[in-house]
Amino acid sequence: MGLIYIPPVIVDEEMMTQLQQEELERETAKWKHALIMYVVGSSPSIGAIERFIAGNWSYITKPKVYYHNEGYILVHFSSFEERDEVLYSGPHTLNNKPVISKVWDPYFDFKKEVLRIIPLWIKLPNLPLQYWSLESLSRIGSLLGKHVYADDCTSRVDRITYACMIIEMDITQELSNIVKLRDPQGKIFIQEIIYDWKPN
């Protein structure tokens with residue numbers, strides 16, 4: 001790739017370069033299909049991650065895997081659909097260690113985010129069936145964190161023993177084991193929360 005000379009600019013008497021929005025958007029678009037993966041307590045090789053992906057998602061197009069020296073893996077998929085198929089199919093472990101997956105974001109900061117805000121799978125056992133609407137599940141999940149997603153069995157109500165969701169939660173805060181739900185008549189229902197994995 002041949003580079004060209006582009007003159008710097010002076011801002012407040014300091015020399016700097018002025019990046020262009022169009023250029024940034026073009027490069028950002030290239031990574032929109034990517035996931036950031038991090039294995040808690042381990043630094044697997046690219047080969048180990050590729051074998052892990054092939055073993056769990058053999059039906060998707062083989063993604064490109066990149067290793068970052070900060071300790072995380074960037075996995076670039078061929079489409080949003082394949083990215084989301086992997087993201088929402090968890091929880092997963094590699095060598096008995098939890099695999100944390102997050103959608104790539106241009107402002108992602110590994111030290112600030114992966115070590116603090118991570119997606120956790122939760123179960124809501126014996127959740128009353130009248131609370132299984134998209135809106136009610138979203139309200140319940142929003143008590144705990146953000147980026148709420150329900151698994152397929154929950155979305156289709158194929159399994160009624162428990163509802164299952166993935167939620168980005170701040171693990172530096174105490175993780176609640178219950179949430180309180182208030183129905184339109186003012187009745188309070190206490191719902192238990194079970195985590196598939198919790199940090200120590």
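This is a predicted model: local features need pLDDT of at least 70, side-chain atom pairs count only at pLDDT 80 or more; totals for chains, interfaces and linings use all residues.
On the domain 1 side, strand β7, residues 97–103, gives the largest share of what touches domain 2, namely 3 residues. Sorted by class, that side of domain 1 has 5 nonpolar, 3 polar and 2 charged residues.

So where are the domains? The assignment for the protein chain puts domain 1 at 17–114 and domain 2 at 117–195. Their contact draws 10 residues from domain 1 and 7 residues from domain 2. Between them they bury about 760 Å², and 64% of that is on carbon and sulfur atoms.

How many salt bridges does the rule find across the interface of domain 1 and domain 2? There is 1. If you have the structure open, have a look at glutamate 168 and lysine 102: these two form a salt bridge, with 3.3 Å between the closest N and O atoms.

Now, on to the aromatics. The structure holds 4 aromatic pairs, and one of them joins tryptophan 31 and tyrosine 66 in an edge-to-face arrangement, at 5.3 Å centre to centre with 70° between the planes. This pair links distant parts of the chain, 35 residues apart. Tryptophan 31 sits in the loop between α1 (21–30) and β3 (34–39), while tyrosine 66 belongs to strand β4, residues 64–67.

Definitions and conventions. Residues are numbered from 1 along each chain as its sequence is written. Side-chain values use heavy atoms; hydrogens and water are left out. Domain bounds come from an automatic or database domain assignment. Contact means heavy atoms within 4.5 Å. Buried area is the accessible area (1.4 Å probe) that two parts lose on being put together, summed over both. A salt bridge is a side-chain nitrogen of Lys or Arg within 4 Å of a carboxyl oxygen of Asp or Glu. Helices (H or I, at least four residues) and strands (E, at least two) are DSSP runs, numbered from the N terminus. Ala, Val, Leu, Ile, Met, Phe, Trp, Tyr, Cys and Pro count as nonpolar, Asp, Glu, Lys and Arg as charged, and the others, Gly among them, as polar. Rings of Phe, Tyr and Trp (its six-membered ring) pair if their centres lie within 6.5 Å; planes under 30 degrees apart count as stacked, over 60 as edge-to-face and the rest as tilted.
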